[in-house]
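User: Could you take me through the helix packing in this model, and then a few individual residues?

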Amino acid sequence: MRTLTRRWTVLNYAVCEPNQWTCRTIAEDLGDDPKHVGMAARFLEMSGLIVKGEKIGRAHTLFPTPKGVEALHTAS
């Protein structure tokens, strides 16, 4: 999966089901490498599109910011 596509896919998971997905569960759902999904999530977080949500074990769920929701809806 290409990097740009992966970023939009991770953002889509966070917007459509906030606080339901971690990077690992997204990677498992997509059959992707958790490291690559984590890198995409870090980029989205640094861009102000998502934040860390609830902590589950050692991982955090992903939660969209208003800017992230707007970016995804604008792109659709």
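Analyst: The crossing of α1 and α2 is right-handed, meaning that the near helix is turned clockwise from the far one by less than a right angle. The contact involves Thr9, Val10 and Tyr13 from α1 and Ile26, Asp29 and Leu30 from α2, where contact means heavy atoms within 4.5 Å.

User: What should I know about the source of the model and its numbering?

Analyst: This is a predicted model, in which local features need pLDDT of at least 70 and side-chain atom pairs count only at pLDDT 80 or more, while totals for chains, interfaces and linings use all residues. Residues are numbered from 1 along each chain as its sequence is written, and side-chain values use heavy atoms, with hydrogens and water left out.

User: At what angle do the axes of α1 and α2 cross, and how close do they come?

Analyst: The axes of helix α1 (residues 3–16) and helix α2 (residues 23–30) cross at roughly 115° and come within 11 Å. That makes α1 roughly perpendicular to α2, a class covering 65 to 115 degrees. Axes are lines fitted to C-alpha atoms, for helices over the stretch in contact, with angles from 0 to 180 degrees between N-to-C directions. Helices are DSSP runs (H or I, at least four residues), as are strands (E, at least two), numbered from the N terminus.

User: Which residues of α1 are buried, and what covers them?

Analyst: The buried residues of α1 are Arg6, Thr9, Val10, Leu11, Tyr13, Ala14 and Val15; buried means under 20% relative accessible area with a 1.4 Å probe, protein chains only. Their cover includes α2, α3 (34–46), β1 (50–56), β2 (59–64) and α4 (66–75).

User: Val15, then: what is it in contact with?

Analyst: Leaving aside neighbours within four places in sequence, Val15 is in contact with Pro64, Gly68, Val69, Leu72 and His73. Its relative accessible area is 14%.

User: Where does Leu44 lie, and is it buried or exposed?

Analyst: Leu44 lies in helix α3 and counts as buried because its relative accessibility is 3%. Beyond neighbours within four places in sequence, Leu44 is in contact with Arg7, Val10, Leu11, Leu49 and Ile50.

Key: Parallel < 35°, antiparallel > 145°, perpendicular 65-115°, else oblique. Buried < 20%, exposed > 50% of the residue type's maximum accessible area, 1.4 Å probe, protein only.
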